[in-house]
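This report examines the pairing of oppositely charged side chains. The sequence and the structure are shown first.

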Amino acid sequence: MIELLSNIEFKPFILSFKLALITTIILFLISMPLSWYLSQTKSRVKPILEAITALPLVLPPSVLGFYILYSLSQNSFLGQFFQDYFDIQLVFNFSGLVIASCIYSLPFMVQPLQSGFESLNKNMIEASLISGKSKTQTVLKVAIPNIKPSLLTALIVTFAHTVGEFGVVLMVGGSIPEQTKVASVAIYEFVEIMDYKSAHIYSAIMLVISFLVLLSVYIFNQKQKKSFL
């Protein structure tokens, strides 16, 4: 066992966790106001916004990865802008991976938060607003503390989903050691060279991590439900 662990290169896992952490933080900041708006609005554009945020769930990773790759390349306005003004090449770069991961994992953050906000008692929100609290204060001090299960689910599932990304990450970032070679890409490369022993080890680590993440979510949600009974 010790011998097996000593042969493992942990840098792809560290890079995966770094990417997942940054992506989760960015998506939380973006998705919180978006989810609140979607949960409260009755605008006609709501179905359109919901469809856009949910697209990564139904689009094949190859399709999504291709359009992200094209959008971040130097042939696009965005890619050329970052290259000219910040000297940052978004394709085959960690910065590009972060942007791609934010797009790919967006629904995993938005949908649980939106469901949590929609489940809130409307009278509680109205009472907060009537008492003189602003919409921002109502969200921060009333809404968010009352959707802890949804909040935890959004954070953990987004993190876990980003750790397990493969198709989009490979197309946008490639496999550059210590820059874009995440754990899922490393497993793919082991299979390509028929190093099944290493592929088994890396896959087992990812399997255990994914199981523990989901288990923690279900245990927490179960405790929350019991506390309300």
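## Basis of the assignment

A salt bridge is taken here as a side-chain nitrogen of Lys or Arg lying within 4 Å of a carboxyl oxygen of Asp or Glu. The model is predicted, and a search of the whole structure identifies three salt bridges.

## Lys46 and Glu118

The side chains of Lys46 and Glu118 form a salt bridge, with an N to O distance of 3.7 Å. Lys46 belongs to helix α3 (residues 46-58) and Glu118 to helix α6 (residues 94-118), so this pair ties together parts that are 72 residues apart in sequence.

The relative accessibility of Lys46 is 18%; Lys46 therefore counts as buried, the limit being under 20%. Glu118, by contrast, is partly exposed, with a relative accessible area of 36%.

## Glu178 and Lys11

Glu178 is in a salt bridge with Lys11, and the closest N and O atoms are 2.9 Å apart. This pair links distant parts of the chain: Glu178 is in the loop between α10 (167-173) and α11 (183-192), whereas Lys11 is in helix α2 (residues 11-40), 167 residues apart.

Glu178 has a relative accessible area of 57% and is exposed. For Lys11 the relative accessible area is 43%, and this residue is partly exposed.

## Glu189 and Lys181

A salt bridge also joins Glu189 to Lys181, where the closest N and O atoms are 3.2 Å apart. Glu189 counts as partly exposed at 25% relative accessibility, and Lys181 counts as partly exposed at 24%.

Technical notes:
Residues are numbered from 1 along each chain as its sequence is written. This is a predicted model: local features need pLDDT of at least 70, side-chain atom pairs count only at pLDDT 80 or more; totals for chains, interfaces and linings use all residues. Side-chain values use heavy atoms; hydrogens and water are left out. Helices (H or I, at least four residues) and strands (E, at least two) are DSSP runs, numbered from the N terminus. Buried means under 20% relative accessible area, exposed over 50%, partly exposed in between (1.4 Å probe, protein chains only).
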